[in-house]
Amino acid sequence: LVAFELPWDGLGSGDMPATFAAVSSPGATWAGAALFVDHGSGELVPLGPSGRTRSIIGRTLGTLSTGNPLFVDRTSSIIVELLDERMTLADATLRQLLQGANRALVGSEMIQFGRAEPVAPGTWRITNLLRGRGGTESGVTEHHPDEPFVLLDNRPVALDPSLIGTGPDVEIVALGRGDSTPISSAIALA
């Protein structure tokens with residue numbers, strides 16, 4: 001589970017945050033999870049189901065170097081280990097990137113990548129980067145190993161901002177069928 005807020009995309013009024021939950025499992029037969037919000041008191045407020053579609057999530061195995069958000073970064077790369085080795089990433093042309101393809105969240109920076117090269121089962125090197133997308137320019141210098149990676153396609157679940165609120169201790173919680181313990185995530189980029 002990785003919860004995050006995205007900048008306003010120009011649609012709608014723009015006065016409510018766009019909060020999402022990327023929910024996934026290493027098993028392809030995953031049945032989904034129930035989503036909740038915890039405002040810091042431990043009480044779980046239902047947000048609804050995640051659905052059965054798994055988000056493509058993982059973690060970085062190294063550190064993404066500092067880059068310039070004004071240029072295509074052809075020198076930096078990052079190795080990403082996905083949650084399931086059957087998950088894949090794809091290349092994108094510059095034209096596709098300019099139309100919004102291959103957006104991903106790496107730590108506190110939104111990037112786009114033009115090249116995805118498999119280096120081991122479930123492990124990918126991504127290069128040809130557009131950095132600091134969607135107002136995340138400040139995140140280009142704040143990377144460390146083992147950051148969450150989320151492919152920002154149509155798989156993350158949009159969450160109702162009126163149920164989430166804006167408190168400092170807000171966390172999104174997921175509990176899958178048969179799970180004995182829920183997992184939680186603070187909201188990145190809030």
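Before I look at any side chain, my cut-offs: buried means under 20% relative accessible area, exposed means over 50%, and partly exposed is in between (1.4 Å probe, protein chains only). By that rule R115 is partly exposed, because its relative accessibility is 35%.

**Ground rules.** I'm working on a predicted model, so I take local features only at pLDDT of at least 70 and side-chain atom pairs only at pLDDT 80 or more, while totals for chains, interfaces and linings use all residues. I number residues from 1 along each chain as its sequence is written, and side-chain values use heavy atoms, with hydrogens and water left out.

**Confidence.** I checked pLDDT, the predictor's confidence in each residue, from 0 to 100. The protein chain averages 93, and 99% of the residues score at least 70. For elements I use DSSP runs numbered from the N terminus: helices are H or I with at least four residues, strands are E with at least two.

**Sheet.** I count two strands as paired if DSSP finds at least two bridges between them. I traced an open sheet of seven strands, in the order β4-β3-β13-β14-β1-β2-β12, with mixed pairing. At the edges I find β4 (44–49) and β12 (157–159), each pairing on one side only. Inside that order, I looked at β13 (residues 171–176) and β14 (residues 183–188), which run antiparallel over four bridges. E171 sits opposite A186 in β14.

**Aromatics.** My rule: rings of Phe, Tyr and Trp (its six-membered ring) pair if their centres lie within 6.5 Å; planes under 30 degrees apart are stacked, over 60 edge-to-face, the rest tilted. I get one aromatic pair in the structure. F4 and F20 are stacked, 5.7 Å centre to centre with 20° between the planes. The pair links distant parts of the chain, F4 in β1 (residues 2–6) and F20 in β2 (residues 18–22), 16 residues apart. F4 counts as buried because its relative accessibility is 0%.

**Salt bridges.** I took a side-chain nitrogen of Lys or Arg within 4 Å of a carboxyl oxygen of Asp or Glu. My search of the whole structure gives nine.

- D84 bridges to R54, with the closest N and O atoms 2.9 Å apart. D84 lies in the loop between β7 (78–82) and α1 (94–98) and R54 in the loop between β4 and β5 (57–60), so the pair ties together parts 30 residues apart in sequence. Both D84 and R54 are buried, and I see R54, D84 and R86 linked in a network of salt bridges.
- R115 bridges to D91, closest N and O atoms 2.9 Å apart. R115 is in β9 (residues 109–120) and D91 in the loop between β7 and α1, so this pair ties together parts 24 residues apart. D91 is partly exposed, because its relative accessible area is 42%.
- R131 bridges to E109, closest N and O atoms 2.8 Å apart. R131 is in β10 and E109 in β9, so parts 22 residues apart in sequence are tied together. I find both R131 and E109 buried.

**V140.** I then went to V140, in the loop between β10 (123–133) and β11. V140 counts as buried because its relative accessibility is 6%. With contact as heavy atoms within 4.5 Å, and leaving aside neighbours within four places in sequence, V140 touches S65, T66, G67, P69, E109, R131 and G132. V140 and S65 are 75 residues apart in sequence but 7.8 Å apart in space, C-alpha to C-alpha.
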